[in-house]
Amino acid sequence: MEKPRLFISRELFPEVIEELEKFYEVEVWDKYHGPSYEYLVEKLRSVDAYVSMVTDRIDCGLLQVARRLRIIAQYGVGLDNIDVVCATRLGIYVTNTPNVLAESVAELTWSLILAVSRRIVEADHFVRWGEWYRTRTSVHPLMMLGTELKGKMLGIIGLGSVGRRVAEIGKAFGMRVIYYSRSRKPDVESSLGIEYRSFDDVVSEADVLTIHVSLTSETRHLINEDVLRRMKKNAILINTSRGPVVDTDALVKALREGWIAGAGLDVFENEPLQPNHPLTAFKNVVLLPHLGSATHEARLAMARLVAENLIAFYKGQVPPTLVNSEVVKHRRPGFD
Ligand code: 8YV
């Protein structure tokens, strides 16, 4: 049998490509920026499998012309870029890479919590740009005071694998941890010693509010002006999930008018963020370029999971992290 054709929309780890080449005829997009939507529409007409990135727009229009396409293996956990319902209807398998990046995203979340609460980026600039030197004073009792976390309230929205790990680290910091999630997790509550609250209570009680939800029509602008007004004045907002979960204009207004004390953001409504975006004007805001899973450990594990899904499918097995399990009813896994 001729090897099925696989298109990978960004460079991945060579060892993983080698593994995939045992089963697939592999083509890798080799430019730093991603392929355009128009290019993908043309390319996916002639391939059987596709490794997508979270920034590739995969709508129903594209899926309907991708006649040969049998499986989309997303390199990422978020799926807001894929019309999964349409893919299922067309018998196309969709997989993602959950859990293997949870530790890295949780650690980056904590990097932001500590960077905002102790003004780390601002302090680095203070030293690097000579302001400290110009004070001719090494220490002053009131210089650049931050906030201690121990005993404070950590509020988590969304208790998936990332949210759970953030909660665990929060307990290690001696924080009280409350969470809101669509489905309550009593086992996690007892094992970690955290408490369930309503969404409104988490918003109004948190000293640190951190967002760990998928982007859906329900969660788009979940953090809006009304929510920001109900947060505590000393509270900081952290977002490492998806940019559109937070209404950016409302956040800029909240920061400008001092409704909250600061924010740490790794994701934005429009990425990459423009250099003159209003958010860049705030000293009490730390901005990162979507680095949540950007560790060797997570990215290699994600690549290996992508390969595991594609090789299982090739062997006629249900892929380990299949997202749309109902597709199996439409069409069995494997290439004819
Ligand atoms: C990206 C992410 O996948 O997993 C997700 O949903 O947003 C990220 O981990 C990663 O940036 C891919 O390069």
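Student: Where is the place of Asn 99?

Tutor: Asn 99 sits in the loop between β5 (93–95) and α5 (102–117). Helices (H or I, at least four residues) and strands (E, at least two) are DSSP runs, numbered from the N terminus. Before going on: this is a predicted model, where local features need pLDDT of at least 70, side-chain atom pairs count only at pLDDT 80 or more, and totals for chains, interfaces and linings use all residues. Residues are numbered from 1 along each chain as its sequence is written, and side-chain values use heavy atoms, with hydrogens and water left out.

Student: OK. What is phi of Asn 99 near?

Tutor: Near 70°, a positive value in a residue other than glycine.

Student: Is Asn 99 buried or exposed?

Tutor: Exposed, at a relative accessible area of 52%. The cut-offs: buried is under 20% relative accessible area, exposed is over 50%, and partly exposed is in between (1.4 Å probe, protein chains only).

Student: Which non-glycine has a positive phi of about 50°?

Tutor: His 290. His 290 is in the loop between β12 and α13 (296–314). With 29% relative accessibility, His 290 counts as partly exposed.

Student: New topic, the ligand. Which residues are around it?

Tutor: His 290 again, for one.

Student: Which polar side-chain atom lies 2.7 Å from a ligand oxygen?

Tutor: One from Arg 242. Arg 299 also places a polar side-chain atom 3.1 Å from a ligand oxygen. Gly 78 uses a polar backbone atom, 2.8 Å from an oxygen of the ligand.

Student: How much of the ligand's own accessible area does the protein cover?

Tutor: 85% of 330 Å². Areas come from the Shrake-Rupley method with a 1.4 Å probe; for residues, only the protein chains shown count as cover.

Student: Salt bridges next. How many does the structure hold?

Tutor: 22. The criterion is a side-chain nitrogen of Lys or Arg within 4 Å of a carboxyl oxygen of Asp or Glu.

Student: Why would such side chains pair at all?

Tutor: Side chains of opposite charge can pair when their charged atoms come close.

Student: What does Arg 165 meet in a salt bridge?

Tutor: Glu 103, at 2.4 Å from N to O. That pair links distant parts of the chain: Arg 165 is in helix α8, Glu 103 in helix α5, 62 residues apart.

Student: And which partner does Lys 232 have?

Tutor: Asp 207, at 2.8 Å from N to O. Lys 232 is in the loop between α11 (225–230) and β10 (236–239), while Asp 207 is in the loop between α10 (199–205) and β9 (208–211).

Student: Is Asp 207 buried or exposed?

Tutor: Buried, at 11%. Lys 232 is partly exposed, at 28%.

Student: Last one. Which peptide bond is cis?

Tutor: The one from Glu 271 to Pro 272, with omega near -5°. Pro 272 lies in the loop between β11 (262–265) and β12 (285–287).

Definitions and conventions: A residue is near a molecule or strand if one of its heavy atoms lies within 4 Å of it. A polar contact is a pair of N or O atoms within 3.5 Å; within protein, one must be able to donate a hydrogen and the other to accept it, and residues adjacent in sequence count only if both atoms are side-chain atoms.
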